[in-house]
Amino acid sequence: MQKANRTPEEDDEMLHCAHASRYHWGEVGTAAHRARGEWQCSRVYTVLVRAEPALHHAQRCLELCESNPDSIEDWDLPFAYEALARAHAVAGNGAESARCLQQARSLGAAIADDEDRTLLESDLATIRT
C-alpha cells in the first residue's frame, strides 16, 4: 500500500490479495480475523480512492467488532472507527470523518499496549477530514 507510482496491475493485485485474505480468514478464522480482513479491504480501497467500497468494508468491520465484543482485542474497535474516518474522508464527508476520528481517539486511549496505541495514533494522524 505504501508503494508510490503503482501500476494499474499492481493496484489490482493489492485489491485481490486483500479480498483473498478476507475470504480465507472468513473460512478458518474468528470474528476478530473477519473484522481485521474487512479493515484491510477498506484500507486498500481508501488507498485506491474508492469511497463506496471503502465505506462498505469499514462499516462491516465495525459491525463485526460490535457484535463480537468478547472475541476482539482492545484495539480492534478503535481501528474500525479509524477505517470509517478514513473512508468518510475519501468520500468527502468531513463532518462524519471527524466524528469517527474522535471516536477512534477516545476508544484508543483505553488500549493497554503502548505499541498498539502508538500505531493507532500514527494512523489517525494521516487522516485529513
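**Conversation on a predicted helical chain**

Reader: Let us start with Glu-38; where is its place?
Author: Glu-38 has its place in helix H2, which covers residues 31-47. Helices here are DSSP runs of H or I with at least four residues, strands are runs of E with at least two, and both are numbered from the N terminus. The model is predicted, so local features need pLDDT of at least 70 and side-chain atom pairs count only at pLDDT 80 or more, while totals for chains, interfaces and linings use all residues. Residues are numbered from 1 along each chain as its sequence is written, and side-chain values use heavy atoms, with hydrogens and water left out.

Reader: Is Glu-38 buried or exposed?
Author: Glu-38 counts as buried because its relative accessibility is 6%. Buried means under 20% relative accessible area, exposed over 50%, and partly exposed in between, with a 1.4 Å probe and protein chains only.

Reader: And which residues does Glu-38 touch?
Author: Setting aside residues up to four places away in sequence, Glu-38 touches Arg-22, His-57, Arg-60, Cys-61 and Leu-64. Contact means heavy atoms within 4.5 Å.

Reader: Stepping back, how many helices and strands are there in the chain?
Author: The chain has 6 helices and 0 strands. Read from the N terminus, its elements run α-α-α-α-α-α.

Reader: What box do the C-alpha atoms fill?
Author: Along the principal axes, the C-alpha atoms of the chain fill a box of roughly 40 × 35 × 25 Å.

Reader: What share of the residues is buried?
Author: Of the 129 residues in the chain, 39% are buried. As for contacts with a separation of 6 or more, 60% of them in the chain are between residues 24 or more positions apart.

Reader: New topic: what space lies in the largest pocket?
Author: The largest pocket holds about 180 Å³ of space. A pocket is an open set of points on a 1 Å grid over the protein atoms alone, where a 1.4 Å probe fits and protein lies on both sides within 12 Å along at least five of seven lines; lining residues have an atom within 4 Å of a point.

Reader: Which residues line it, the largest pocket?
Author: The lining of the largest pocket consists of Ala-35, Arg-36, Trp-39, Cys-61, Trp-75, Asp-76, Phe-79, Ala-80, Asp-116, Leu-119 and Asp-123. Two or more of the lining residues come from each of H2, helix H4 (76-91) and helix H6 (114-124).

Reader: How many residues separate Asp-116 from Val-44 along the chain?
Author: Asp-116 and Val-44 are 72 residues apart along the chain, and their C-alpha atoms are separated by 20 Å.

Reader: Now Ser-97, please; in which helix is it found?
Author: Ser-97 is found in helix H5, residues 94-108. Ser-97 is buried, since its relative accessible area is 0%.

Reader: With which residues is Ser-97 in contact?
Author: Leaving out neighbours within four places in sequence, Ser-97 is in contact with Ala-85, His-88, Ala-89, Ile-127 and Thr-129. Ala-20 lies 77 residues from Ser-97 in sequence and 28 Å from it in space, C-alpha to C-alpha.

Reader: What about the backbone; what is phi of Asn-5?
Author: Phi of Asn-5 is near 60 degrees, a positive value in a residue that is not glycine. Most residues other than glycine have a negative phi. Asn-5 lies in the segment before helix H1 (8-28) and is exposed, its relative accessible area being 75%.

Reader: And Val-49, what phi has it?
Author: Val-49, likewise not a glycine, has a positive phi of about 55 degrees. Val-49 has its place in the loop between H2 and helix H3 (51-67), and counts as exposed at 61% relative accessibility.

Reader: Last one: where does Asp-70 lie?
Author: Asp-70 lies in the loop between H3 and H4 and counts as exposed at 80% relative accessibility. Asp-70 and Ala-31 are 39 residues apart in sequence, with 9.6 Å between their C-alpha atoms.

Methods: Grid points are joined across faces, edges and corners, and a volume is the space filled by probe spheres set on the points.
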